[in-house]
Amino acid sequence: MQVEQATAMAERLKLLTQTGPDTDMGRLLRKFWQPVAVSQDLQAGTARPLRVMGEDLTLYKDLSGTYGLVDRHCPHRRADTSYGFVEACGLRCNYHGWLFDQTGRCLEAPYEDAAAPQAQSIQNQCTRRRSRKCRARCRWRR
Ligand code: FES
């Protein structure tokens, strides 16, 4: 009987503490705003890596003051976006120079634009967008 109770308790704890995107608790928590950083900790023109509910993300503030929260890995060749160059309007990947805006949309793909201007694939290479909001000097994501 004690083994069954311990097993049931372990299952309940797992249900409550696993918050990745493919878990029950992760799906529930993603319905609500979550604080991810304090605004004053991020200066314009900087980016920093974050791990939130099992996901690797990059938070940045571009030179116009807009915050962005995008996947940590570039959709092109998976480079670490936290090492990217923060520009006037967005974050540029440091590997091949693709530029993404705060919604994760690819704005520029140097060389790709010149080599294959007819290709539409660039339009589909968006990082997953993250909703973000500033409340009481904290960064939030949903
Ligand atoms: S890996 Fe980011 S642009 Fe190529």
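1. Thr58 counts as buried, at 0% relative accessibility; buried means under 20% relative accessible area, exposed over 50% and partly exposed in between, with a 1.4 Å probe and protein chains only. The model is predicted: local features need pLDDT of at least 70 and side-chain atom pairs count only at pLDDT 80 or more, while totals for chains, interfaces and linings use all residues. Residues are numbered from 1 along each chain as its sequence is written, and side-chain values use heavy atoms, with hydrogens and water left out.

2. Thr58 is part of strand S3 (strands are DSSP runs of E, at least two residues, numbered from the N terminus). Strand S3 (residues 55-61) runs antiparallel to strand S2 (residues 46-52), and seven bridges join them; two strands pair if DSSP finds at least two bridges between them.

3. Two residues lie between the strands, and Met53 takes a positive phi near 45°.

4. The Thr58 side chain makes a polar contact with the side chain of Thr81 at 2.8 Å (a pair of N or O atoms within 3.5 Å; within protein, one must be able to donate a hydrogen and the other to accept it, and residues adjacent in sequence count only if both atoms are side-chain atoms). The Thr58 side chain also reaches the backbone nitrogen of Ser82 at 3.3 Å.

5. Cys74, in the loop between strands S4 (67-71) and S5 (85-87), is buried, with a relative accessible area of 1%. Beyond four places in sequence, Cys74 is in contact (heavy atoms within 4.5 Å) with Ala79, Thr81, Cys93 and Phe100. The C-alpha atoms of Cys74 and Cys93 are separated by 7.0 Å, with the two residues 19 apart along the chain.

Key: Helix = DSSP H or I, 4+ residues; strand = E, 2+ residues; numbered from the N terminus.
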